[in-house]
Amino acid sequence: MRRALRLLLLESNPGQSLLVSHALSQLPQICHWTVVSTSETLLDYLHHRGPYTNAAQFPLPDLILLDWDLELANSPQVLKELKADPRLRIIPVVVLTGSRQEREVAASYNLGSTSFIVKPPSPEALLPMMRTFVQYWSDIVRLPFRASAT
């Protein structure tokens, strides 16, 4: 049996966080996710600091969804730190944003993001997008920490 996909989502906007969580909860694939709202909390989770010290309870994710909010989440710096850390750089980081600016697309890839996804314009369009996204990452891609999963 296939292991559930583990996602860690950095989303600085509470409304967007609820929309993404709702979309994930509607999917047929088994998916577990944790939402954090700040870059500091994301790094605490990944380094098992503060309330996340129990590594069994807060395992490393299979995938990180990173809101590309330049002011609140400081996403470029977070991405740079993740890719500089030998223990964390193997985790795919997908930028999920409302921005369509080419300079931000280029910046995210230059810093090591795996993908850059623009959030759909309507909440109704988020569910089909997340369905495709999770299906791709859970059924098609072989992830490093899931190599032993059947």
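Predicted model: local features only at pLDDT ≥ 70, side-chain atom pairs only at ≥ 80, totals over all residues.
Residues are numbered from 1 along each chain as its sequence is written, and side-chain values use heavy atoms, with hydrogens and water left out.

β4 and β5 are parallel and share four bridges; two strands count as paired if DSSP finds at least two bridges between them. Strands (E, at least two residues) and helices (H or I, at least four residues) are DSSP runs, numbered from the N terminus. From β4 the chain passes through helix α4 (residues 102-110) to reach β5, a right-handed β-α-β crossover. Right-handed means that, with the strands pointing away from the viewer, the path from the first strand over the helix to the second runs clockwise.

## The sheet

Five strands form an open sheet in the order β2-β1-β3-β4-β5, with parallel pairing. β2 and β5 are the edge strands, each pairing on one side only. On average, neighbouring strands of the sheet are turned by 20° against each other, direction ignored. Helix α2 (residues 39-46) packs on the sheet, where it touches β1, β2 and β3, and its direction makes about 150° with that of β1. For these angles, axes are lines fitted to C-alpha atoms, for helices over the stretch in contact, and values run from 0 to 180 degrees between N-to-C directions.

## Strand β4

β4 also runs parallel to β3, to which four bridges join it; V93 of β4 is the bridge partner of I64. Five of the five residues of β4 are buried, so the strand is largely enclosed by the rest of the structure. Buried means under 20% relative accessible area, exposed over 50%, and partly exposed in between (1.4 Å probe, protein chains only). V93, V95 and T97 cover one side of β4, V94 and L96 the other, and all are buried.

## Helix α5

Helix α5 comprises 18 residues (residues 123-140), which should span 26 Å at 1.5 Å a residue; the end C-alpha atoms are 25 Å apart, which agrees. The expected span is 1.5 Å times one less than the number of residues.

The buried residues of α5 are L126, M129, M130, F133, V134, W137 and S138. They lie on the same side of α5, because they cover an arc of only 145° around the axis; the arc is taken from the directions from the helix axis to the C-beta atoms. An α-helix has 3.6 residues a turn, so residues three or four places apart point the same way. The buried residues of α5 pack against β1 (5-10), α1 (14-25), β2 (31-36), β3 (63-67), β4 (93-97) and β5 (115-118); contact means heavy atoms within 4.5 Å. E124, T132 and I140 are exposed, on the face of α5 turned away from its buried side.

S21 belongs to helix α1 and is buried, with a relative accessible area of 17%. Apart from neighbours within four places in sequence, S21 is in contact with W33 and V35.

P51 sits in the loop between α2 and β3 and counts as exposed, at 62% relative accessibility. P51 is 10 residues from T41 in sequence, and their C-alpha atoms are 9.4 Å apart.
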